[in-house]
Each structure stands twice: as C-alpha cells, then as structure tokens.
Amino acid sequence: MPLYAQLTRAIQFAIATGKLRVGEQLPTVRQLAVELRVNANTVAKVYAELERSGILETRRGVGTFVSARHFTANHRDEHEKHLRELIDRFVEEAGAMGFSVDDLLTNFKAGARRSL
C-alpha cells in the first residue's frame with residue numbers, strides 16, 4: 001500500500017476514534033514529514049486530498065485543522081460509511097496476520113480503556 005494511502009488512513013482513523021477532534025490543529029506539513037521521516041510532498045498530498053474531501057481545512061497562515069463541516073448531519077452517513085470501511089479493512093488485514101476477532105476485541109477494549 002502506498003505511503004500516502006497509509007497516512008491518509010491513519011489520519012482518518014485518528015479522527016474516527018477521537019484521537020483527533022473537530023477543530024484540532026494538525027502538525028505542519030514539514031513537522032509531520034520530519035517526524036515520520038517521509039517526503040514533505042507526501043504529507044502535502046495527503047493534507048490536500050483530505051481537504052478536498054472536507055475532512056481537513058487549511059487556514060492560510062494559521063495551519064491545518066480537522067474540519068467541523070465534515071461532521072455535520074449531511075456528512076454523518078458518509079462518516080459512518082468511512083468508519084465501516086476502515087473497520088472492514090482493519091479486520092481483514094488483522095485476519096491475514098493471523099489475529100482472531102476475539103484477539104482484536106480484547107486488545108481494542110484494553111486500548112480504549114488506556115485512552116480514557
């Protein structure tokens with residue numbers, strides 16, 4: 001899977017799970033590229049793609065933020081669809097790695113408790 005697709009999924013997952021909240025600022029393109037040790041153009045491509053889909057918004061001179069517009073009632077169905085797709089891919093990839101659904105549920109619940 002291309003790196004930009006992995007990063008796109010990671011940001012969408014962070015938003016879907018509440019690790020990134022509406023209105024929260026993301027690192028700058030340069031900061032994230034340095035942190036992840038990837039080309040800044042890759043991060044810029046991901047941010048631009050997520051902005052086009054309404055998930056992120058860039059405020060010139062201020063930064064990139066999780067968009068509130070994306071989570072209005074009009075987008076709720078689309079948001080839930082993306083979450084279901086993300087869960088399906090996660091379960092499929094975990095299954096390919098030999099994890100059972102019980103393994104996933106146990107570890108997911110433990111991880112969720114640590115996040116609270």
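**Exercise 1. Aromatic pairs and charges over rings**

Determine how many aromatic pairs this predicted model contains, and identify which residue lies over the face of Tyr4 and which lies over the face of Phe65.

*Solution.* Step 1: with ring centres required to lie within 6.5 Å, the count comes to zero aromatic pairs. Step 2: turning to charges, Lys45 is placed over the face of Tyr4, 3.7 Å from the ring centre. Step 3: Phe65 has Arg59 over its face, at 3.9 Å from the ring centre.

**Exercise 2. Helix 1 against helix 3**

Describe how helix 1 and helix 3 cross, and classify the residues in their contact.

*Solution.* Step 1: two packed helices are described by the angle between their axes and the distance between the axes. Step 2: the axes of helix 1 (residues 3–16) and helix 3 come within 9 Å, crossing at roughly 50°. Step 3: the two helices are therefore oblique to each other, and their crossing is right-handed. Step 4: helix 1 contributes Leu3, Tyr4, Leu7, Thr8, Ile11 and Gln12 to the contact, while helix 3 contributes Thr42, Val43, Lys45, Val46, Tyr47, Glu49 and Leu50. Step 5: by class, this contact has eight nonpolar, three polar and two charged residues. Tyr4 and Lys45, both in this contact, are also the ring and the charge of Exercise 1.

**Exercise 3. Helix 2 against helix 3**

Carry out the analysis for helix 2 and helix 3.

*Solution.* Step 1: the axes of helix 2 (residues 29–36) and helix 3 (residues 40–52) come within 8 Å and cross at roughly 125°. Step 2: helix 2 is therefore oblique to helix 3, and the crossing is right-handed. Step 3: from helix 2, Val29, Leu32 and Ala33 meet Ala40, Val43, Ala44 and Tyr47 of helix 3. Step 4: the classes are seven nonpolar, no polar and no charged residues.

How values were computed:
Residues numbered from 1 in each chain as written. Predicted model: local features only at pLDDT ≥ 70, side-chain atom pairs only at ≥ 80, totals over all residues. Heavy atoms only, no water. Axes fitted to C-alpha atoms, helices over the stretch in contact; angles between N-to-C directions. Helix = DSSP H or I, 4+ residues; strand = E, 2+ residues; numbered from the N terminus. Parallel < 35°, antiparallel > 145°, perpendicular 65-115°, else oblique. Left-handed = near helix turned anticlockwise from the far one by under 90°. Contact = heavy atoms within 4.5 Å. Nonpolar A, V, L, I, M, F, W, Y, C, P; charged D, E, K, R; others polar. Phe/Tyr/Trp six-rings, centres within 6.5 Å; stacked < 30°, edge-to-face > 60°. Lys NZ or Arg CZ within 6 Å of the ring centre and 35° of its normal.
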